[in-house]
Amino acid sequence: MAASVATGVSLNHISRESSDIRRLANFYKEIFGFEEIESPNFLEFKVIWLNLSSAFQLHLIERNPSNNLPEGPWSATSPVLDPSHLPRGHHICFTVSNLDSFLQSLKEKGIETFQRSLPDGKVRQAFFFDPDGNGLEVACPVPQQ
């Protein structure tokens with residue numbers, strides 16, 4: 001096996017653009033416990049940077065109104081609102097240790113989920129969308145008997 005070009009690689013951040021970065025920041029803070037951290041003051045656009053302790057940063061970037069790309073799946077020409085499509089679609093996955101109570105909280109907030117387990121039954125999964133239609137997954141290892 002050939003050596004990789006990069007060394008010491010780890011995930012630094014994921015970015016999402018939005019026309020309402022405050023709404024999106026509040027969602028990720030409330031649902032996953034992200035904390036707002038110091039963000040640069042770009043002159044051309046606004047950003048909110050969030051940090052998930054011991055994991056990675058999520059950078060929310062104000063959408064460029066002249067951008068021709070859809071803002072998210074819900075703003076696409078043929079939006080797909082069904083979370084059952086997410087296992088084979090673009091999504092970010094978070095591991096949680098409290099899947100049942102987490103899912104109950106999502107249900108109380110009116111957030112629709114699609115749930116399944118890996119074929120070997122060792123991990124339970126739930127898929128859903130953020131307010132901009134970005135795919136999310138939460139995975140929870142099943143305790144082995």
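Which residues in α1 are buried? Before I answer, please keep in mind that this is a predicted model, in which local features need pLDDT of at least 70 and side-chain atom pairs count only at pLDDT 80 or more, while totals for chains, interfaces and linings use all residues. Residues are numbered from 1 along each chain as its sequence is written, and side-chain values use heavy atoms, with hydrogens and water left out.

In α1, the buried residues (under 20% relative accessible area, with a 1.4 Å probe and protein chains only) are Ile-21, Leu-24, Ala-25, Phe-27, Tyr-28, Ile-31 and Phe-32. Seen down the axis of α1, they fall within an arc of 160°, taken from the directions from the helix axis to the C-beta atoms, so they line one face of the helix. Gly-33 follows α1 and has a positive phi, near 85°.

Let me turn to the sheet, where helices (H or I, at least four residues) and strands (E, at least two) are DSSP runs, numbered from the N terminus, and two strands pair if DSSP finds at least two bridges between them. The sheet is open, with 4 strands in the order β1-β4-β3-β2 and mixed pairing. Because β1 (13-18) and β2 (35-37) are at the edges with a single partner strand each, one side of each is left without a neighbour in the sheet. β1 and β4 (residues 56-62) run parallel and are joined by 6 bridges, and His-13 stands opposite Gln-57 in β4.

Elsewhere, β6 (residues 114-117) and β7 (residues 123-129) pair in the antiparallel sense over 4 bridges, with Gln-115 opposite Ala-126 in β7. Their hairpin has 5 residues between the strands, and Gly-121 there takes a positive phi near 75°.

How values were computed: Buried means under 20% relative accessible area, exposed over 50%, partly exposed in between (1.4 Å probe, protein chains only).
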